[in-house]
Protein chains: 2
Amino acid sequence: MTLGKQILYLSQADVVNTGLKMAEIVDAVEQCFVELGHGRVEMPPKPGIHPGQGGNNFIHAMPASIPAMKSAGVKWVSGYPGNQAKGLPYITGLLILNDTETGIPIAVMDCAWITAMRTGAASAISAKYLARPESSTIGILACGVQGHTNLEAMNVLFPLKKVKAFDTNAAQAKKLAEFAKNLDLGVEIVADPKRAVTGCDIVVTSGPILKIPHATIQPGWMDEGTFASLVDFDSYFSRESLKEADKWTTDHIGQYTYYKKVGGYFEDCPEIDAELGELVTGKKKGRENRKQKTFAANLGLAMDDMAVAPLIYRQAIEKNIGTWLPL
Amino acid sequence: MTLGKQILYLSQADVVNTGLKMAEIVDAVEQCFVELGHGRVEMPPKPGIHPGQGGNNFIHAMPASIPAMKSAGVKWVSGYPGNQAKGLPYITGLLILNDTETGIPIAVMDCAWITAMRTGAASAISAKYLARPESSTIGILACGVQGHTNLEAMNVLFPLKKVKAFDTNAAQAKKLAEFAKNLDLGVEIVADPKRAVTGCDIVVTSGPILKIPHATIQPGWMDEGTFASLVDFDSYFSRESLKEADKWTTDHIGQYTYYKKVGGYFEDCPEIDAELGELVTGKKKGRENRKQKTFAANLGLAMDDMAVAPLIYRQAIEKNIGTWLPL
């Protein structure tokens, strides 16, 4: 490619076909949290627009610059709740990657796969510092895309043996079961959500993010020593059950505070004990004993995407994937 | 095209080849100012990142939604001052256009031409409300890209006869002279910047935006009844000469205030009399008599781009221009 003359376009299929491994994504996402923890990431607040009817649609610009990873760009991602009824995906969007030395765009790629994978990776990195290292049983509540990628990422860092899968949609649970079997894990599809919490070392709540939490999980369900990653923010856990938290963390305090104030999420949740960047850089302690109940309420950051995008780009070039276009 | 299956990519050459006319761009940009004036545009603050060395590099995300124009999208535009020494353009970037009903991206296009054209168009719309309608002589100080598009746009709305062109670079001035001749205008290349101000009905300062104004234009140079569009912000006019302003306007008070506070621009400039959207909707008066010296300090807005992008998209489809890509 000639800088400033051509860019590489990668469709969703192209991105998947690069074959980038979850283990590499976990590494890259951890590296960006090291950078964030040392204050070396530029990540301004993400502005959004809300076109169309209903008021729940959004399109967010998520820019980030990670100098140490020579990565700069923006993810432009939309979420339209009404799409699913039209047979269209809820989340769609593109990511633009720029050359850091000249600012010139070098690639445009679909962002759906990257978003799913990096979200799982961030959960796993939280778990690395907050779950017990020998964690082997994982409960997944809601078995959609995020259920899959969270399981895949946890399986990179932990000696998982068994998955307890809960979903109100049986077909979804079955799909996750197939996926888990391909990872050589035992699976139990459970009809009672409690059974995907009690007896688990790691719990992932990966349902939709709701303004009004359904608060399914009750006090006493989560065992001592368990770690929970709340991919659905505070939708699954009842307020009472969250009072049991010994450690409450997030990937970004600034954005967490913003969501709390402006978005109305995380009402009456525990006080933040640590940001993930502080755990990764050793500035704050993760799990301190075998009994703590630990939580990660990660929001998903622009830098997560920008940590992964250059890997996709390089792999695509190496494997001759994608379409070169004139600038 | 099939929504959610394909997007249209338009290179810089593709965008130019759509043949979209400046008159259409002026109309579209005026329409978005009507929408803004009525409070019907969503345009959040534009966040930026600043990769690379030196601290003057920027890449800005500029999102906007204009429901009445069925337009939503983002411009991701970079400015790297060091690029020119490398033979690369200072400004580069892409614009993503989304379907407003589903949020799905429908097009990615180069943004350089659109940026240049819509900036000229916004100047001309300010002039429509602030210059004398019979304005026939225009002074252009700095004859680069913005000198060209500002002249072209003013020529759409005014009975221009003569251009006085000033540039410290003679080749640039000559280029603008050629361009003006093609528009059937008389041209005088002037060696003294004063001669591109005095005796002109409209003045455009279209040099680089500088943190420390060179303040070339002195009190008394600008005639009574003249309108000036400050594409270079406050770089060309001395503070003393700005004291002569009878009307000081901008395209967006919020962004103007931000630039003033955070960017350090527009120091000691007059108080804002009106926003362009207020002029266009008749909420405030433009020029009130033949003697007023009127000014527009337009900053360039995301909605300007989003007003133009759908026209480019539709024209490209009509003319079968661009590359269809799988999403």
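## Strands and their pairing

Two strands count as a pair if DSSP finds at least two bridges between them. With that in hand, let's look at this predicted model. In chain B, strand β1 (residues 6-10) and β15(B) run antiparallel and are joined by 4 bridges. One example to find on screen is B:I7, whose bridge partner in β15(B) is B:L325.

## The sheet of chain B

These two strands belong to an open sheet of 7 strands in chain B, in the order β2-β3-β4-β5-β6-β1-β15, and the pairing is mixed. The edges are β2 (48-49) and β15 (323-326) of chain B; each has a single partner strand, so one side of each is left without a neighbour in the sheet.

Now look for helix α3 (residues 112-130) of chain B. Helix α3 lies across β4 (71-79), β5 (91-98) and β6 (105-110) of chain B, and runs at about 90° to β5(B).

## Where the two chains meet

How many residues of chain A are in contact with chain B? There are 47, and they touch 47 residues of chain B. Among the elements of chain A that give two or more residues to this side are α1 (12-17), β3 (58-66) and β15 (323-326). By class, the side of chain A that touches chain B has 25 nonpolar, 18 polar and 4 charged residues.

## How the copies are related

Chain A can be superposed on chain B by a rotation of 180° with 0.0 Å of shift along its axis, giving an RMSD of 0.0 Å. This is the relation of a two-fold axis. In chain A, the C-alpha nearest the axis belongs to A:A61, 3.3 Å from it. Both copies use the same surface: 100% of the contact residues of chain A recur in chain B.

Methods:
Residues numbered from 1 in each chain as written. Chains lettered and ligands numbered in written order. Predicted model: local features only at pLDDT ≥ 70, side-chain atom pairs only at ≥ 80, totals over all residues. Contact = placed C-beta atoms within 7 Å. Axes fitted to C-alpha atoms, helices over the stretch in contact; angles between N-to-C directions. Nonpolar A, V, L, I, M, F, W, Y, C, P; charged D, E, K, R; others polar. Least-squares fit on C-alpha atoms with pLDDT ≥ 70 in both.
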